[in-house]
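Subject: Structure handover

Hi,

Here is the structure I promised to pass on. Please open it alongside this note, and read the findings below as you look.

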Amino acid sequence: MIAKISSGKSTAGLIRYLYDTKKAKDHTDPHLVASWDGFAPDPGRADDFADAKKLLVADLDLHVKQAERLGRAPEQHVWHCSIRAAESDRHLSDEEWGDIARRVVAATGVAPEGDPDGCRWVAVRHAQDHIHIAATKVRSDLRAARHWNDYLTADRELAAIEKEYGLFQVVRGDRTAAKRPTRAEQEKPKRAGRTRTARERLRTTVRTAVAAAASTEEFINLLHHTDGVLVDVKRFPSGDVRGYTVALVGDINGKNEPIWYSGSGLSPDLSFPKVRERLEAAEQQQGQHRSNPWHQATAATERIPHELDGEDDAAAQAHLAALGEALDALPLLAPEHIRPQLRQAAVEFERATRSRMRADHWHARALRGAVRNMLREPIPKDGAAVAMFLDAAILVVIAATRWHRLRHHEQQVAAAHQSLLHLQAAYDKAVVQPLAVRARHRPPQRVMERHVVIIRQSVPDHAEQVLEDPAFDALTAVLAHAENAGHDPEQLLRQAADQRVLDDARRPARVLTWRVERLSAGPAPSVRAAQAHSATQGPSMLAQSPPDAQPQQRARRR
């Protein structure tokens, strides 16, 4: 069940709407299902509809009028709460809806149970799946109603009602979700033939700028240089940045002025203080550039499931936020044919990056630094780096789903699950060519047979699944290449094998392929290098060798 709560100035206007069946075509048989004392006049069941409606409004406004004479009536004296059941729920009876209304007004403080001075209210039903509660916010003792946090208290009561009545249990949030576009914001892009609102487009733009920036100055500069985006920077008298607002070019109000959105209006974690906190951790990472930022980012991502298994929730939350930034940046770096899925994955996972747990962003500086370095280097052409990172990211999203579920973060669980579907779709496309390139350089049969033995010894629980996987040829190719470079293939496999990760993986052979390739990119032990080079006669991965070196390698093998 979903509750929507608002305030208004006119009791008569609200009652008129609730009982209207002419303008509101979906209103059928409007009538009361409950009221403050059980005896309120019901225009829907009265012989004289107009008189009964006037009488109902007068009864509801009684204490408001009394308070007005004393100068104590609130200007917004009408409290309106609509409660809607899910489409899959059974049709509730009037008695059941009446009970639900009484519980909600009691829980919110509008009319506490057992309080004779509670506010006057009625519950009107004019459809099968929802009711409206109309109340006036002046008690009979002429004090204002105490209904602070009424949305949260109503939502908590509805969650209990769902369980007791056997209804669909709605996924509920923790007030850390990004603000939803208003009805007016949603209608504007429809008229222009667009699918996303200005708020949603700006949220993506700002999140991408956060992922790419290494300092607050660079963040502001990136926004200033983004096509189609207006930026207004607020500063203290000292000149330091106090905040920022953004707008889309052409998105104007009735006065032909740009419609500005603050960072916090886009998302709670995009307020300038929150952005500054994340970027200050990034600034301390500058100058620590590695030779291959993709490998660095993948290695940092692979460590996140272990962080999520720990007891430091602040560190775990920081790692999830950093992965969200990486997913925001990935569409800028990935092949064109998988960018739509990656954009949608980032949009969905954004909700899973926040919870009530405060993030300690210092813990995730390695991944953030690697992502920023990735954005500053040429985009990889063969797609292997993207596929390798996606493979690790998918396993993190699975672990994130589990982490949020243990903490009852239902909205985050749903968001992570949706993100996972898009990431898997992108990965299935991204992985085809890189694996095919590696499979073409699989070693001779005798080497492959030796690798089979090693795989059975190193990953016994997943050996059969690995050996039957089409990616097995690619795995043996990277093992042979690593062995030629002086690495011990059995040691690499044992290092690459992580029981939890392999249990989560749909295709363990793919996971092992990318992990072995990344681990073998480092220098091999010098003694092992000499021994392995003479012992192994399988071909190396020519795709990774300079063209002029390949004839010499063929000659050495002959």
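Three strands make up an open sheet, ordered 6-7-8, with antiparallel pairing. Strand 6 (229-235) and strand 8 are the edge strands; each has a single partner strand, so one side of each lacks a neighbour in the sheet. Please keep in mind that this is a predicted model.

Strand 6 pairs with strand 7 in the antiparallel sense, over seven bridges. In that pairing, valine 229 sits opposite leucine 248 of strand 7. Helix 8 (residues 216-224) lies across strand 6 and strand 7. The angle between helix 8 and strand 6 is about 145°.

Alanine 123 stands opposite isoleucine 133, which belongs to strand 5.

**Salt bridges**

The count comes to 37 salt bridges. Side chains of opposite charge can pair when their charged atoms come close.

Start with glutamate 325. Its side chain forms a salt bridge with that of arginine 278, at 2.8 Å from N to O. Glutamate 325 is in helix 13 (residues 313-329) and arginine 278 is in helix 10 (residues 272-283), so this pair ties together parts that are 47 residues apart in sequence. Both glutamate 325 and arginine 278 are buried.

Glutamate 325 also forms a salt bridge with arginine 372; here the closest N and O atoms are 3.6 Å apart. Arginine 372 lies in helix 15 (residues 365-375) and glutamate 325 in helix 13, so this pair, too, ties together parts that are 47 residues apart in sequence. Arginine 372 is buried, as is glutamate 325.

These contacts belong to one network, in which salt bridges that share partners join Arg207, Asp269, Arg278, Glu325, Asp328, Glu350, Arg354, Arg368 and Arg372.

Arginine 207 is in helix 7 (residues 198-212). Is arginine 207 buried or exposed? Its relative accessible area is 4%, and under 20% counts as buried, so arginine 207 is buried. Neighbours within four places in sequence aside, arginine 207 is in contact with Asp269, Leu270, Gly324, Asp328, Glu350, Thr353 and Arg354.

Another salt bridge links the side chains of aspartate 141 and arginine 139, at 3.2 Å from N to O. Aspartate 141 is partly exposed, at 27% relative accessibility. Arginine 139 is buried, with a relative accessible area of 3%.

**Loops and surface**

Proline 43 sits in the loop between strand 2 and helix 2 (49-60). Proline 43 is buried, at 2% relative accessible area. What does proline 43 touch, not counting residues up to four places away in sequence? The list is Tyr19, Phe49, Ala52, Lys53 and Leu56. Proline 43 and lysine 53 are 10 residues apart in sequence, and their C-alpha atoms are 5.2 Å apart in space.

Which residues make the nonpolar surface patch of about 270 Å²? They are Leu230, Val249 and Trp260. Tryptophan 260 is in the loop between strand 7 (241-248) and strand 8 (261-262). Tryptophan 260 is partly exposed, with 38% relative accessible area.

Two backbone angles deserve a look.

- Asparagine 149 has a positive phi, near 55°, and is a residue other than glycine. Asparagine 149 is in the loop between strand 5 and helix 5 (150-165).
- Histidine 408 has a positive phi of about 60°, although it is not a glycine. Histidine 408 is in the loop between helix 16 (384-406) and helix 17 (410-430). Histidine 408 is exposed, at 62% relative accessible area.

Best wishes

Methods. Residues numbered from 1 in each chain as written. Predicted model: local features only at pLDDT ≥ 70, side-chain atom pairs only at ≥ 80, totals over all residues. Heavy atoms only, no water. Pairing = 2+ DSSP bridges. Helix = DSSP H or I, 4+ residues; strand = E, 2+ residues; numbered from the N terminus. Patch = residues over 30% accessible without salt bridge, like charges linked within 9 Å, V, L, I, M, F, W, Y side chains within 5 Å. Areas by Shrake-Rupley, 256 points an atom, 1.4 Å probe, with all protein chains shown as cover. Salt bridge = Lys/Arg side-chain N within 4 Å of Asp/Glu carboxyl O. Buried < 20%, exposed > 50% of the residue type's maximum accessible area, 1.4 Å probe, protein only. Contact = heavy atoms within 4.5 Å. Axes fitted to C-alpha atoms, helices over the stretch in contact; angles between N-to-C directions.
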